[in-house]
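Visitor: I would like to learn how to read a ligand site in a model. Please take the general idea, then the case at hand.

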Amino acid sequence: MGVIEELQSRRVPLATLPTPLESAGTLPSGRRLLIKRDDLTGLGIGGNKARKAEMLCAEAVTAGADALVTVGAAQSNHARVTAAAGARLGLETHLVLGGSSAGPRQGNQLLAELFGATLHDGATDSWTELARRMDDLVAELRSAGRRPYAVPLGGSTAVGASAFVLAWCELLEQLDRDHHDVAAVVIASSTGGTHAGILAGRALFGGPPVVAIDVAKASDDLAGDTRQLADETLALLGSAEHVNPADVLVDPRFVGPAYAVPTPEADAALVGLARCGGWVLDRVYTAKGFAGLLAREAEESFGDGDVVFWHTGGQPALFAAGGAPPLGFASDVLSSRSLSLDMERP
Ligand SMILES: *Cc1c(COP(=O)(O)O)cnc(C)c1O
């Protein structure tokens, strides 16, 4: 069996695929901007985590699990999508979340609760402490006779990342079909699972360079961790290929002070893309990713060809406190950093 058939057989269909590849006008340099709309994967309002959920939940079901347990930041998209997957598959879902538990549920938490998940939240933002709490919860459920399936931060195991081998093939097919010549694909990277899966797919099937914009500062060596996960993903698929370290491009310049702390560049990118064509980015991931794309474009760091922005979703966080740039921002800051996309208007 080929790798693609093998991967297709390992997923439980939860997402709406393939996602569109959309033409989004012309960047200042004259190159075309394409947007891979993984914000439209469907499951529980979508995003990149729906692809990972297909692979992870298939493994959970095969293992006979009766509950899903995962961990994330206060406004975790991964936790929200896991809750939706649990609802779809009839699996009880527990979410260990950072941040504080004060106030009414908003954004991703509101949705996760709507999907019927149990939220175990508050009191810490330390990733190691959150992981420890998840381990404790898993042990508790086991001793109560349950069969929990635990998913680490971001769903970024080799199994989760393997979804992006398929996603990469999906993109290559779309580029080929529409005769696009692509200089680079740009994504926002946090735990590195999405990037790792894409790199594994690229090692197997080729394709344009991929630039990951680091939005988390969670790892001292995101590029190294990503390469290791990509190699684990290739091994999981029975491939002896390895990812060349020179192909792991991680740009650390756009994270700002910390994960989920907004930056003026990202806010300008968010407002700019919204006003150019009604696209919606989120402050935590995709706006920083798109700000990185624009800065690299201005530096002329891409080769010849179009640029693909891989839109990984995240919109529900816009509807939580601090999730959107403040009113008045647009007139103050945006004017000095305006994004001009030359749109082909219908
Ligand atoms: C999780 C997430 C990412 C990053 O994906 P990783 O696989 O963790 O690197 C990017 N964008 C959005 C909207 C996300 O929710």
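Visitor: By class, how many nonpolar, polar and charged residues does the shell around the ligand have?

Guide: Some ground rules come before the count. This is a predicted model, in which local features need pLDDT of at least 70, side-chain atom pairs count only at pLDDT 80 or more, and totals for chains, interfaces and linings use all residues. Residues are numbered from 1 along each chain as its sequence is written, and side-chain values use heavy atoms, with hydrogens and water left out.

Guide: As to classes, Ala, Val, Leu, Ile, Met, Phe, Trp, Tyr, Cys and Pro count as nonpolar, Asp, Glu, Lys and Arg as charged, and the others, Gly among them, as polar. Here the shell has two nonpolar, 12 polar and two charged residues.

Visitor: Which residues are the closest to the ligand?

Guide: A residue is near a molecule if one of its heavy atoms lies within 4 Å of it. The ligand is surrounded by 16 residues, and the closest are Lys-49, Lys-52, Thr-191, Thr-194 and Thr-312.

Visitor: What is the distance from the ligand nitrogen to the polar side-chain atom of Thr-312?

Guide: A polar contact is a pair of N or O atoms within 3.5 Å. For Thr-312 the distance is 2.6 Å. A side-chain N or O atom of Lys-49 is 2.8 Å from a ligand oxygen, and a backbone N or O atom of Gly-193 is 3.4 Å from an oxygen of the ligand.

Visitor: How much of the ligand's accessible area does the protein cover?

Guide: Accessible areas come from the Shrake-Rupley method with a 1.4 Å probe. On its own the ligand has 380 Å², of which the protein covers 98%.

Visitor: Which elements give two or more residues to the shell?

Guide: Helices (H or I, at least four residues) and strands (E, at least two) are DSSP runs, numbered from the N terminus. The elements in question are helix H2 (49-62), strand S7 (182-189) and helix H8 (193-205).

How values were computed. A polar contact is a pair of N or O atoms within 3.5 Å; within protein, one must be able to donate a hydrogen and the other to accept it, and residues adjacent in sequence count only if both atoms are side-chain atoms.
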